[in-house]
Structure formats: C-alpha cells, structure tokens
Amino acid sequence: MEHEPILQAEHLKMWFTVRSTAVQSSGTVKAVDDVSLVLRRGETYGLVGETGCGKSTLGRTLIRLLDPTDGRILLDGTDITRLPARQLQPLRSRMQMIFQDPYTSLDGRMHVGDILMETLAIRRTGTRAERMDQVLQMLIAVGLLPEHYYRYPHELSGGQRQRVGLARALLVHPELVICDEP
C-alpha cells in the first residue's frame, strides 16, 4: 500500500536539561518542540532549517535513538514511542539512519568490509560467504570498488565514508531511511 503512512509523529518533543556551568545557567533546551509529520510509503520528506534547529535530534528521535520527552511516534500505525528496547529491537532493521558525520559512526579499528559484515552478522543473515557477497555487491551499488572492503575508514575520503554509511543502512533493506545531511 504505497499511500499508507509508514511514519507519523504527533506533537513530538525532545527537550534536554542543561546543568549550570560557569558560562551558562541551568534550564531546558527545546531541541524539538511540537513537531507533527506524516511520511507515506514511497515519499521523500525533506526537512530544511538552520544549523542547531533540531533536525538531527528529530531524526534520532523518530527512529528512537533518543527517547522523546513527549508526543507519539507511529511506525506503520504501531505506537513505538515508549516501546522497551526488547520490543524495539525487531523494528530496528526496518528503519535505518545515515549519520551526518560518517567518520564518527564507523569503527576506525575495523576494515570497511568487517563493519558491513557485522551489520549482517548481528541480524544472522546468511552464511559468511553469502554475507561477503552481499557486502561486495552493496559496495559496488553505492559507487565504491571491491578493494574498499579492505580499507580502514581513515583511508577513505569523506564522500567514500558517507557511501559506507549508506551501504550499511541499505544492507538490511529498510523500509525507512533517515538521512542526516545527505
């Protein structure tokens, strides 16, 4: 059903408590304040705003990397706002995020191939040989070469690291991808 909502946010809030420091007094930072949106299957939704306005926080909150202060998040009509980690875990592969800074989201001690293989191994996808084949195909699909499999993140350009992040997200065939500054 292409026109059914896959993701809905209703009056979503993500507030952070700030403690007093020598420079700043304590208070609340309203990173996301009363956001509602509907994303239907097959749609692309673009969110534009100035630096620091809460775009990244909204993305992280929508896929429950952060627990919202208030509001509701619905994935295919199911309220995931307060689901405990155990119930949220099976939904994780359905929604993926491509992070703004790929370098910090990649383990610098691992080869690119091992980072991507780990994504599939965690989900117990196929044999090791099948996983390697999927990873090599995905590297090519995102515009990298098979030899990138054996490179470390620091040996890649920023654009190549972003492609690794894209490959990692797409390997699990998610229904929803949130791109933080694609």
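**Close-up 1. Helix H5 (128–141) and H6 are among the elements that cover the buried residues of H4.** This is a predicted model, in which local features need pLDDT of at least 70 and side-chain atom pairs count only at pLDDT 80 or more, while totals for chains, interfaces and linings use all residues. Residues are numbered from 1 along each chain as its sequence is written, and side-chain values use heavy atoms, with hydrogens and water left out. Helices (H or I, at least four residues) and strands (E, at least two) are DSSP runs, numbered from the N terminus. Look along H4 for its buried residues: Val112, Gly113, Ile115, Leu116, Met117, Thr119 and Leu120. Here, buried means under 20% relative accessible area, exposed means over 50%, and partly exposed lies in between (1.4 Å probe, protein chains only). After H4 comes Arg124, which has a positive phi, near 55 degrees.

**Close-up 2. Helix H4 (residues 112–122) and H6 cross at roughly 20 degrees, their axes coming within 9 Å.** Axes are lines fitted to C-alpha atoms, for helices over the stretch in contact, and angles run from 0 to 180 degrees between N-to-C directions. H4 and H6 are therefore roughly parallel to each other; angles under 35 degrees count as roughly parallel, over 145 as roughly antiparallel, 65 to 115 as roughly perpendicular and the rest as oblique. The crossing of these two helices is right-handed, a term used when the near helix is turned clockwise from the far one by less than a right angle, with anticlockwise giving left-handed. On the H4 side, Val112, Ile115, Leu116 and Thr119 make the contact, and they meet Val164, Ala167 and Arg168 of H6. Contact means heavy atoms within 4.5 Å.

**Close-up 3. Arg41 and Asp76 join their side chains in a salt bridge, 2.6 Å from N to O.** A salt bridge is a side-chain nitrogen of Lys or Arg within 4 Å of a carboxyl oxygen of Asp or Glu, and the structure holds eight of them. Arg41 sits in the loop between strand S2 (27–40) and helix H1 (55–62), and Asp76 in the loop between strand S3 (70–75) and strand S4 (78–79), so the pair ties together parts that are 35 residues apart in sequence. Both partners are partly exposed: Arg41 has a relative accessible area of 25%, and Asp76 has 32% relative accessibility.

**Close-up 4. Arg72 pairs with Asp79 in a salt bridge whose closest N and O atoms are 3.7 Å apart.** Arg72 is partly exposed at 35% relative accessibility, and Asp79 is also partly exposed, with a relative accessible area of 33%.

**Close-up 5. Arg94 and Glu175 form a salt bridge, with their closest N and O atoms 2.7 Å apart.** Arg94 belongs to the loop between helix H2 (85–88) and strand S5 (95–98), and Glu175 to the loop between helix H6 (158–170) and strand S6 (176–179), so this pair ties together parts that are 81 residues apart in sequence. Glu175 is partly exposed, its relative accessible area being 38%. Salt bridges with shared partners link Arg41, Asp76, Arg94 and Glu175 into one network.
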